[in-house]
Number of protein chains: 2
Amino acid sequence: MLRTEMTKKVKITPSVAEQALIRLMRVGDRLWRESDERFGQWGLTDNHYNVLRILNGAAEPIRQVEIGRKMLSSRANVTKLVDLLEDRKFVRRLACGDRRVNLVELTDEGAKFIEDTLPAIIGSANETMKPLTRDEQKTLFTLLGKLLEG
Amino acid sequence: MLRTEMTKKVKITPSVAEQALIRLMRVGDRLWRESDERFGQWGLTDNHYNVLRILNGAAEPIRQVEIGRKMLSSRANVTKLVDLLEDRKFVRRLACGDRRVNLVELTDEGAKFIEDTLPAIIGSANETMKPLTRDEQKTLFTLLGKLLEG
DNA sequence: TGAAAATTGTCAACAGAGAAACAATCTACC
DNA sequence: GGTAGATTGTTTCTCTGTTGACAATTTTCA
């Protein structure tokens with residue numbers, strides 16, 4: 001019986017690195033789920049909202065492919081995201097010199113939507129991070145930065 | 001023109017909390033993508049591998065619903081995950097006293113697969129976390145723990 | 001005991017996202 | 001100028017995963 005156990009199961013002694021990694025993925029996963037849930041109340045995905053925020057942050061109308069780059073999403077998906085946002089009148093496609101390109105910009109309605117909802121979004125971010133002191137938040141930010149670069 | 005800018009765009013001054021949160025989600029997202037990529041080489045999802053690891057870590061055969069709980073996946077999805085793993089002969093369903101229940105356990109083949117692949121998986125975890133010192137990894141682990149509890 | 005409620009696994013329907021194929025257009029280079 | 005190759009957006013296909021409905025069971029408790 002003991003022998004069976006020994007031949008059957010790989011011994012696991014998770015390194016610090018692996019423990020941290022797993023926890024990192026778990027926290028990330030939870031945050032994405034919560035984020036999805038939050039935006040679901042408006043019939044949107046976090047990705048839709050992401051598009052709106054990118055447009056809100058952009059000084060000028062930007063190309064779909066550029067949106068895709070900023071949010072690590074495929075061109076195909078951006079097409080669909082913008083389709084929905086256009087149906088909702090949050091966003092508008094503009095022609096430009098290059099006829100392959102769609103420029104996208106926020107409509108006034110889209111801008112108003114962001115204006116109305118962003119505070120709550122940011123508030124809930126603060127809420128999520130509340131278990132950490134400001135210094136700890138900074139530390140976390142720094143450590144994650146090293147991971148992103150490395 | 002200036003007025004248009006002002007009425008149209010919400011001013012954004014991301015708090016430390018929000019910056020950390022965003023970075024956390026970004027890192028998490030990247031890790032999940034890498035993880036997917038890694039397991040794709042065996043025709044599996046990270047979720048499939050997760051099932052295998054859970055079974056590997058379990059002392060006895062466990063129920064599907066329990067697997068679902070441990071990995072935050074729906075019952076329906078566990079059914080399909082186990083279906084595939086069963087086709088691959090990595091896993092076996094057993095009847096038990098409660099006739100609603102399927103117990104699931106690793107086959108020898110599944111155990112061997114874990115044994116053969118786990119070191120590489122763990123190795124790549126160490127690689128991912130390399131930009132951080134051991135102490136930093138511990139700090140990260142602790143901070144994330146607070147977030148999970150909070 | 002026996003009926004209502006809960007649990008478990010499965011199936012069908014659906015939504016989100018990536019990959020590949022495609023058409024339209026632009027760029028580079030001869 | 002003109003052709004080969006790159007870029008952009010869209011469409012189609014496919015893959016995961018969730019939800020909700022369902023059937024089979026088990027549990028609860030009146």
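This is a predicted model: local features need pLDDT of at least 70, side-chain atom pairs count only at pLDDT 80 or more; totals for chains, interfaces and linings use all residues.
**Notebook: two chains and DNA strand C**

I started at the DNA: α5 (75-87) of chain A, along with α4 (64-71) and α5 (75-87) of chain B, each put at least two residues into the surface near DNA strand C.

Next I looked up who comes nearest. Of the 18 residues around DNA strand C, these are A76(A) from chain A and, from chain B, Q64(B), V65(B), A76(B) and T79(B). I then sorted the surface near DNA strand C by class and got eight polar, six charged and four nonpolar residues.

On to how the chains relate. I laid chain B on chain A, and a turn of 179° with a shift of 0.0 Å along the axis did it, at an RMSD of 0.1 Å. The two copies are therefore related as by a two-fold rotation axis. I also checked what sits by the axis in chain B: the nearest C-alpha belongs to G28(B), 2.2 Å away from it. Both copies use the same surface, as 98% of chain B's contact residues recur in chain A.

Last, the contact itself. I noted 49 residues from chain A and 50 from chain B. Which elements of chain B give two or more residues to the side that touches chain A? My list reads α2 (16-40), α3 (46-57), α6 (108-128) and α7 (134-149). By class, I have that side of chain B down as 26 nonpolar, 13 charged and 11 polar residues.

Technical notes: Residues are numbered from 1 along each chain as its sequence is written. Chains are lettered from A and ligands numbered from 1 in the order in which they are written. A residue is near a molecule or strand if its C-beta atom, placed from the backbone, lies within 6 Å of it. Helices (H or I, at least four residues) and strands (E, at least two) are DSSP runs, numbered from the N terminus. Ala, Val, Leu, Ile, Met, Phe, Trp, Tyr, Cys and Pro count as nonpolar, Asp, Glu, Lys and Arg as charged, and the others, Gly among them, as polar. Copies are superposed by least squares on the C-alpha atoms of residues with pLDDT of at least 70 in both. Two residues are in contact if their C-beta atoms, placed from the backbone, lie within 7 Å.
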